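Subject: Structure handover

Hi,

My notes on it follow below.

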Amino acid sequence: FRSGPAGTGKTLAVADWTRQGTQAGTVAWVSLDKGDASVTKFWGSMLAALRIASPETMSELRKHLNPESAFLQDIAARVGRLTLVLDDAHAIESGTTIQWLEDLLRWPPEGLHIVLVTRHEPPLPLQRMRLEEAVAEVRFQDLTFTRDEGRALLAEGGVHLQGSTLD
């Protein structure tokens, strides 16, 4: 998952990653809000994102009105690799969606990868996943530039700052 305060570029960083080649595979992007705490609304949002990400695959599959990991596995098998990005995951801190996500993360379908973009650690069993090495985390402090890195980046763009201007 990717976490950090508001305005720190979490969404941009994940969007750039999804565009950098085939590692992400087919990407379904869901921008969450508080209403998605209800698994029924969340499932509708996810189906809409899947229709955008892979319209041909979605038209071939029987529509599922209820959340089913087998359905996601069918899609992942057809597209090769499916990455489900859940942006603003902090919006669903409680509700039936959290329980569904916990189950999905515990027994993920083959070929499905989930990216949570959030302002803080979600209420999911991440400690167990860390022990199983089943989660990769990118936190705000992991992406913060050092002063020298910031100076080098600006210099590449033709900007040269002196003294404490970078502080």
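Leu-104 is buried, at a relative accessible area of 3% (buried means under 20% relative accessible area, exposed over 50%, partly exposed in between, with a 1.4 Å probe and protein chains only). Leu-104 sits in helix 5. Helices (H or I, at least four residues) and strands (E, at least two) are DSSP runs, numbered from the N terminus.

Some ground rules. This is a predicted model, where local features need pLDDT of at least 70, side-chain atom pairs count only at pLDDT 80 or more, and totals for chains, interfaces and linings use all residues. Residues are numbered from 1 along each chain as its sequence is written, and side-chain values use heavy atoms, with hydrogens and water left out.

Confidence next. pLDDT is the predictor's confidence in each residue, from 0 to 100. The protein chain has a mean pLDDT of 80, with 88% of its residues at 70 or more. Confidence is lowest in strand 1 (residues 2-3), at a mean of 65. It is highest in strand 2 (residues 26-31), at 90.

Back to Leu-104. Leaving aside residues up to four places away in sequence, Leu-104 touches Ser-69, Leu-72, Pro-109, Leu-112 and Ile-114 (contact means heavy atoms within 4.5 Å). Ser-69 is 35 residues away along the chain, yet the two C-alpha atoms are separated by 6.7 Å.

Now helix 2. It has 15 residues and reaches 20 Å from first C-alpha to last, close to the 21 Å expected at 1.5 Å a residue (the expected span is 1.5 Å times one less than the number of residues). Its buried residues include Phe-42, Trp-43, Met-46 and Leu-47. The buried residues of helix 2 pack against strand 2, helix 3 (55-60), helix 4, strand 3 (82-87) and helix 5 (96-106).

Two helix pairs are worth a look. Axes are lines fitted to C-alpha atoms, for helices over the stretch in contact, and angles run from 0 to 180 degrees between N-to-C directions.

- Helix 2 (residues 39-53) and helix 4 (residues 69-79): the axes come within 13 Å and cross at roughly 10 degrees. The pair is therefore roughly parallel (under 35 degrees; over 145 is roughly antiparallel, 65 to 115 roughly perpendicular, the rest oblique). Trp-43, Met-46, Leu-47 and Leu-50 of helix 2 meet Phe-71, Leu-72 and Ile-75 of helix 4.
- Helix 2 and helix 5: the axes come within 8 Å and cross at roughly 60 degrees. This pair is therefore oblique. Val-39, Phe-42, Trp-43 and Met-46 meet Thr-96, Thr-97 and Trp-100.

Best wishes
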